[in-house]
Amino acid sequence: MLCPRCDQQGQVELVVIKKTGERVLRCDECDALRQNGDEVMKSNLVDFSTYVAQFGVIDTWDEIETINAADK
Ligand SMILES: [Zn+2]
């Protein structure tokens, strides 16, 4: 899946935020995040780091688990 924010440079991956168990879609290029199932629109995108900060997640690479690696 390609990212709508960084003009399709990035690959969107399905990841789990370990702390919450939530599955979200994250771009490996620009860190755009959107809820799984949301329509692909720029207005649905937030920064991954901003989103997880509300759960107290700081070290994001240790706190997420990739379910679906990008289909490169
Ligand atoms: Zn992107």
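In this predicted model, the largest nonpolar core is made up of 13 residues, and Val-24, Ala-32 and Leu-33 have the most contacts inside it. As a general point, nonpolar side chains in soluble globular proteins tend to end up buried together. Ala-32 is a handy place to look at the surroundings: setting aside neighbours within four places in sequence, Ala-32 touches Cys-3, Arg-5, Cys-27 and Leu-45.

Now for the sheet. Five strands make up an open sheet, in the order S4-S3-S2-S1-S5, and their pairing is antiparallel. Strand S4 (46-47) and strand S5 (64-68) sit at the edges, each pairing on one side only. In general, strands of a sheet are held in pairs through backbone hydrogen bonds.

Within this sheet, S1 and S2 run antiparallel and are joined by six bridges. One of the paired positions puts Val-12 with Cys-27 in S2. The two strands form a hairpin, with four residues between S1 and S2, and Gly-21 in that turn has a positive phi of about 75 degrees.

On to the next pair: S2 and S3 are also antiparallel, with three bridges between them. Here Val-24, one of the core residues with the most contacts, has Gln-35 in S3 as its bridge partner, while Leu-25 stands opposite Arg-34 in S3.

Terms used
Residues are numbered from 1 along each chain as its sequence is written. This is a predicted model: local features need pLDDT of at least 70, side-chain atom pairs count only at pLDDT 80 or more; totals for chains, interfaces and linings use all residues. A nonpolar core is a set of buried Ala, Val, Leu, Ile, Met, Phe, Trp, Tyr and Cys residues joined through C-beta atoms within 7 Å. A residue is buried if 20 or more other C-beta atoms lie within 10 Å of its own, exposed if 12 or fewer, and partly exposed in between; C-beta atoms are placed from the backbone. Two residues are in contact if their C-beta atoms, placed from the backbone, lie within 7 Å. Two strands pair if DSSP finds at least two bridges between them.
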